[in-house]
Amino acid sequence: MQQWEKHLYQKKESSVTLEEIAFELELAGLRMEEQKMLLSSVKRSGFDAKLLDRKLIGMGYAPVFTIYDDEVVVNPHKRN
């Protein structure tokens with residue numbers, strides 16, 4: 001893994017590494033191509049749990065990153 005990939009992506013007071021994001025995506029059952037696409041998005045824009053979960057829902061997967069947040073995505077068809 002390259003040095004810039006080890007950078008921590010921060011959202012509020014929590015921080016998540018690319019390795020942790022990749023691990024969660026793998027556990028969620030995403031194909032390698034899907035994982036690479038979402039990781040590229042995180043590298044470009046930074047880590048946003050709600051946005052990433054919306055993308056997962058749009059791809060047909062359950063939300064992974066906001067399951068413990070107060071504002072959990074319950075209805076994937078309702079806009080937050």
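Ala 22 is found in helix 1, where helices (H or I, at least four residues) and strands (E, at least two) are DSSP runs, numbered from the N terminus. The model is predicted: local features need pLDDT of at least 70, side-chain atom pairs count only at pLDDT 80 or more, and totals for chains, interfaces and linings use all residues. Residues are numbered from 1 along each chain as its sequence is written, and side-chain values use heavy atoms, with hydrogens and water left out.

**Overall architecture**

- The secondary structure of the protein consists of three helices and two strands.
- Along the sequence these elements follow the pattern β-β-α-α-α.
- Of the 80 residues of the protein, 30% count as buried; buried means under 20% relative accessible area, exposed over 50%, and partly exposed in between (1.4 Å probe, protein chains only).
- Among the contacts in the protein with a separation of 6 or more, 39% are between residues 24 or more positions apart; contact means heavy atoms within 4.5 Å.

- Helix 1 spans residues 18–27, and Leu 18, Ile 21 and Leu 25 are buried in it.
- These residues lie on the same side of helix 1 because they cover an arc of only 60° around the axis, the arc being that of the directions from the helix axis to the C-beta atoms.
- The face of helix 1 turned away from its buried side carries the exposed residues Glu 26 and Leu 27.
- Just after helix 1, Gly 29 takes a positive phi of about 95°.

**Helix 1 against helix 2**

- Helix 1 and helix 2 (residues 32–45) pack at an angle of about 150°, with their axes 10 Å apart; axes are lines fitted to C-alpha atoms, for helices over the stretch in contact, and angles run from 0 to 180 degrees between N-to-C directions.
- This angle makes helix 1 roughly antiparallel to helix 2, since angles under 35 degrees count as roughly parallel, over 145 as roughly antiparallel, 65 to 115 as roughly perpendicular and the rest as oblique.
- The contact is made by Leu 18, Ile 21, Ala 22, Leu 25 and Glu 26 of helix 1, together with Gln 35, Leu 38, Leu 39, Val 42 and Lys 43 of helix 2.
- The residues of this contact of helix 1 with helix 2 divide into seven nonpolar, one polar and two charged; Ala, Val, Leu, Ile, Met, Phe, Trp, Tyr, Cys and Pro count as nonpolar, Asp, Glu, Lys and Arg as charged, and the others, Gly among them, as polar.
- Helix 1 passes helix 2 in a right-handed crossing; a crossing is left-handed if the near helix is turned anticlockwise from the far one by less than a right angle, and right-handed if clockwise.

**Two residues of this contact: Ala 22 and Gln 35**

- Ala 22 counts as partly exposed because its relative accessibility is 21%.
- Leaving aside neighbours within four places in sequence, Ala 22 is in contact with Gln 35 and Leu 39.
- Ala 22 and Leu 39 are 17 residues apart in sequence, and their C-alpha atoms are 7.1 Å apart in space.
- Gln 35 is found in helix 2 and counts as buried because its relative accessibility is 8%.
- Residues up to four places away in sequence not being counted, Gln 35 touches Ala 22, Leu 25, Glu 26 and Leu 30.
- From Gln 35 to Leu 25 the C-alpha to C-alpha distance is 6.3 Å, with the two residues 10 residues apart in sequence.

**Helix 3 and its packing**

- In helix 3, the buried residues are Ala 49, Leu 52, Asp 53 and Leu 56.
- Seen down the axis of helix 3, its buried residues fall within an arc of 100°, so they line one face of the helix.
- The buried residues of helix 3 pack against helix 1 and helix 2.
- The axes of helix 2 and helix 3 come within 11 Å and cross at roughly 155°.
- That crossing angle makes helix 2 roughly antiparallel to helix 3.
- The contact is made by Leu 38, Ser 41 and Val 42 of helix 2 and by Leu 52, Lys 55 and Leu 56 of helix 3.
- By class, the contact of helix 2 with helix 3 has four nonpolar, one polar and one charged residues.
- Helix 2 passes helix 3 in a right-handed crossing.

**Arg 54 in helix 3**

- Arg 54 is found in helix 3, which covers residues 49–58.
- Arg 54 counts as partly exposed because its relative accessibility is 40%.
- The C-alpha atoms of Arg 54 and Phe 65 are separated by 9.9 Å, and the two residues are 11 residues apart along the chain.
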